[in-house]
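Okay, everyone, thanks for coming. Let me put the structure up, and then I'll talk you through a few bits of its geometry.

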Amino acid sequence: MILGAFFIIPVLSIFRHISFTGILESIKNDYYRNVISFTFLQAAVSTLAAVALGLPGAWIMSHINFRGRRLVSSITTVPFVLPSVLVVLGFVLCFGNSGILNSFIMKITSAEKPPLKILYSFKAIILAHTFYNFPIALRLISAAWRQIGNSRIEAAEILGAGRTRIFFTVILPSLLPSIIAAGSLIFIFCFMSFAVILVLGGGPAFSTLEVEIYRLARISLDIDSAASLALLGALLTALFTWIYIRLQKRASASIRAEKAHPLSKFSKLPARSRVFTIIYLLIILLLIIGPLAAVVYRSFQHRSGWSGNLAFTFKQYTDLFAGESSTAAIFTSVIIAFAAVLISLPAGFTAAYVIVRGRLTFSGLVETLFMLPMGVSAIVIGLGYYSLFTLLPEGFSNKGLLIVFAHSVIALPFVVRTFTTGIRAIKGSLIEASHTLGEGHLGTLLRVELPLLKGSIISAAAFAFCISAGEINAVLILSDGTTPTIPISIYRLISSYQFFGACAMGTVLMLICGIAFYLIDHYGGDEIF
Amino acid sequence: MKKTISSVLLILAVLAVLTTVGCQKTENGTAAAEETAAESVENKLIIYTYDSFASDWGPAGAVIPPFEEQYGIEVELKSAGDSGQVLSRVVLEKDAPQADIIIGIDNNMLAKAIAEDVLEVYKPANISNVPDHLIFDESFHVTPFDYGYFAVNYDSQSMDNPPASLEDLTKPEYADSLILMDPRTSSPGLGFLLWTISVYGDDFTDYWNRLKPSILTITDGWDSGYGLYTAGEAPMVLSYTTSPPYHVEYEETDRFKALLFEEGNYMQIEAMGIIKGAPHRSNAEKFIEYMLTDDFQEIIPLTNFMMPVSSKTQLPESFNYAPVSDTPLLLDTADIDENLDTWLDAWLEAAVE
């Protein structure tokens, strides 16, 4: 409830500015209608692409034990945490007209012009969104897949069902809730995206709702219209979420085993699966690690000589750590992120538990409300906080705790989504059995349900951590720019022309998240992910 | 279905109640804020500015502490995103001003700020340090502190025939060679749009149609655009005449150069002003005076990478690589305020087509 207040009050205080005629006008306006339908289209295609890429990965992660498995699982979540400006830079360094891929092909084929025109088009937007978001699909779906018992599949095999049939009749229905959960998160993420879309799409032909909100709030100073448009966006995301929740409930067949099935060793797999695994991992390597590696590579460069050519250096790192401020920023980021995990996990779990088990009359609506922090334009929430600040006593706004709360709220949609999916998948008969055996609600929760939710807990913690570590707007607003975190330092380095230093800071951020995910996975237990 | 409708109605009702309560709170809050403002300590100064000004690498670290020491005034510097967001914040706080000074209102935003009536008039004595052509606000709602010219920058290692004019940019030899910024989300982007309007007048959309083949991409902000350019993705980018000095000063290379165009280069003059109802008005005046002295002005070039407004200030050597336009372009601020939305719509139509 307190967490909710952190989101709802500022939003309300800015939504005072809206008028219903304003919303109606935005719907009537042809241009806005185009913007909205484009926003919807790119989000839908991106979601399909991210889920399609995540699905085979989820199979690998939930079935095969190979060297570096946990490393792969940690790395795939990293894109999520990087500020968009570095993602764009990494993408361009890899897939751009003079990027690594094109230069490589040009060298081999001695072509004059870059052969691959990947960027500055609709497909580049989809590619980048897939890069950003397929880890969500990978994590949520593989956690569910891991829980499908072998016994059901064996039973189907004995009954003579073929592999394809087993996939469509046994496996897919069990995975559907997690697929829908991942899809809804990815969809809203892409719905709100704008920097990636503008730059990689090639310009204003691909504008989303968020760009228009930006223009109204920033240039036209028409805060009323900005708030109206933001509310329209929020209503649309609420509508989508609600549809998703209906779908998910219908799909919620709780076919979960009592125990996760064992992983197979890579060397014992049939040749076909081995080839498939290797090819998939190579694609991931190119798509995910490519842009990340480009950012890391750039952090070890500087310009040397009057010609301004690039050379290898550790200079960016020594410069970065010469002063205290970078170390302080890293420390701040880590503390805030861990605190956000500690708050959002119990809060999100309680919310999810109540939504699923509480027999609420409006549970669908409550669940939709919990998704809203993702669906309201960041700039509008920011303005909401500013108009709220005028009501608060002086000095109240300068607290790290406020940032932690704000980050917990921003992470809640992910946490709640992950947990509701997990809790819904637990067999009702298990709980009844536990009750029959004399366990109370609490005992059942601790001894039966929580152990089964290990995978969800790990995913939720990883998401909460990286959402907080990568977040920038709330920190800027709540601290009035006095608390630099890693992402803020990245933006500040860039605005003073220090792109190489920003890449170094970005590398530090990736490293910290990688370590955090590794620890979360490690202490979460080897068996799950 | 019935359940759903009733639940929606319930939520709406709750929202309505909360909003009303919120509104009432605002009114009470205003009164409370005014009281605190009146009671506040005299030796304070609260400044709102854009984020890069306040950063470790920006001017703030070098100009604020000396001011605090010299005048015995404690400065609280608050940054809020970019300059557009800072102004929206001041507008939102109009009824209960929380700060004394806003840093970062430029010639393109001035009319909006004056129309919103959030600025106090103040004509500093030290304005005599500033040449007349930089005083873009003769009503002295704001005082300029630095300026620059928007300029197409090019990488001399990958291009040896740079364009000499806006018109040249449309030539087929420059296909896919230029990175611009969106005027809806970026101030250099807005500056370039106004540049084309000041040169082509009402025909600016025709120009944009001709320019389109030369544009590789239009980014959301200067950050991504300049990053792509220095990563070698395109040989030309929209930036400032004062961008090359960075590379000379800190990277010891002159490979990145800024171009002066035959039609002239559009100017950006950055200014600061006293916020209406400022709780520490006299301290704010002291800061504006201080800002025009050498102590402040000589920090500007190497931290903000802009030109200082004071004609007395010596420039660092690397600024020899910042060309100075003899045809500076500037649109009338009232004109901008009146037409900006129409221009943006027209631009968008041309750009999307």
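Helices (H or I, at least four residues) and strands (E, at least two) are DSSP runs, numbered from the N terminus.

Quick word on the source: this is a predicted model, where local features need pLDDT of at least 70, side-chain atom pairs count only at pLDDT 80 or more, and totals for chains, interfaces and linings use all residues. Residues are numbered from 1 along each chain as its sequence is written, and chains are lettered from A and ligands numbered from 1 in the order in which they are written.

Back to our pair. Who meets whom? On helix 3 of chain A the residues include A:T39, A:A43 and A:G54, and on helix 9 of chain A they include A:I179, A:G183 and A:F191. Contact means C-beta atoms, placed from the backbone, within 7 Å. That helix-helix contact divides into 10 nonpolar, six polar and no charged residues; Ala, Val, Leu, Ile, Met, Phe, Trp, Tyr, Cys and Pro count as nonpolar, Asp, Glu, Lys and Arg as charged, and the others, Gly among them, as polar.

Zooming out, chain A has 24 helices and four strands. Its radius of gyration is 24 Å, close to the 24 Å that the globule rule gives for 529 residues, so chain A is as compact as a globular protein of that length. That radius is over C-alpha atoms, and the rule is 2.2 Å times the number of residues to the power 0.38.

Now the interface: 68 residues of chain B are in contact with 57 residues of chain A. On the chain B side, helix 1 gives the most, with 12 residues. That side divides into 24 nonpolar, 25 polar and 19 charged residues.

Last, chain B itself splits into domain 1 (40-147 + 269-321) and domain 2 (148-267 + 325-352), with bounds from an automatic or database domain assignment. Their C-alpha centres lie 26 Å apart.

Notes. Contact = placed C-beta atoms within 7 Å.
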